[in-house]
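Student: Let's walk through this one together, starting with the rings and ending at the pocket. Can you put the model up first?

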Amino acid sequence: MFTQIKTSKENKEIVSHLTRKLGLGTENIIARIAYSYSLSKGNQLDLNNIENSMGKEYSKSVLFGDYADIYIAMVCTHYNLYKTDKDIAKYIKMHVDEGLQLLYKEVEERSNIDGFDFLSEKINDGLSMTI
């Protein structure tokens, strides 16, 4: 069962940078956004490509708060897994890592954007895709 994950060493600094730059709350909020953003891209990540675990450590309750069941269900649905699958933590870690990289790339390309505008654009883009 999933109890904690650790980001890659590189992403330890990236999550701190994004937290300061976007101003959306604490590092765990940025990690949640990164996780969800990565899953929204639809990529099926390969467990053979998992990065190191020398970065920021998050317990399940810190990373997902009161909504852990929902966040775990997201990855279970994405990979067609049962909630007790032994690989859930690895997939969560990989999607947090991938999401942090994706967010960092986008935010750095647009140096003058703040967190609220960035999230508003992403939500609007997502809503536009469903219409």
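Student: Which residues form one aromatic cluster?

Tutor: Quick caveats first: this is a predicted model, where local features need pLDDT of at least 70, side-chain atom pairs count only at pLDDT 80 or more, and totals for chains, interfaces and linings use all residues. Numbering runs from 1 along each chain as its sequence is written, and side-chain values use heavy atoms, with hydrogens and water left out. Rings of Phe, Tyr and Trp (its six-membered ring) pair if their centres lie within 6.5 Å; planes under 30 degrees apart are stacked, over 60 edge-to-face, and the rest tilted. On that basis, one cluster is made of F2, Y35, F64 and Y71.

Student: What kind of aromatic pair do F64 and Y71 form?

Tutor: The count comes to five aromatic pairs by that rule. For F64 and Y71 the centres are 4.5 Å apart, with 10° between the planes. That pair is stacked.

Student: Is F64 buried or exposed?

Tutor: Buried is under 20% relative accessible area, exposed is over 50%, and partly exposed is in between (1.4 Å probe, protein chains only). F64 has 0% relative accessibility, so F64 is buried.

Student: How much space lies in the largest pocket?

Tutor: On a 1 Å grid over the protein atoms alone, a pocket is an open set of points where a 1.4 Å probe fits, with protein on both sides within 12 Å along at least five of seven lines; lining residues have an atom within 4 Å of a point. Grid points are joined across faces, edges and corners, and volume is the space filled by probe spheres set on the points. α6 (115-130) gives the most to the lining, with seven residues. The space comes to about 320 Å³.

Conventions
Helices (H or I, at least four residues) and strands (E, at least two) are DSSP runs, numbered from the N terminus.
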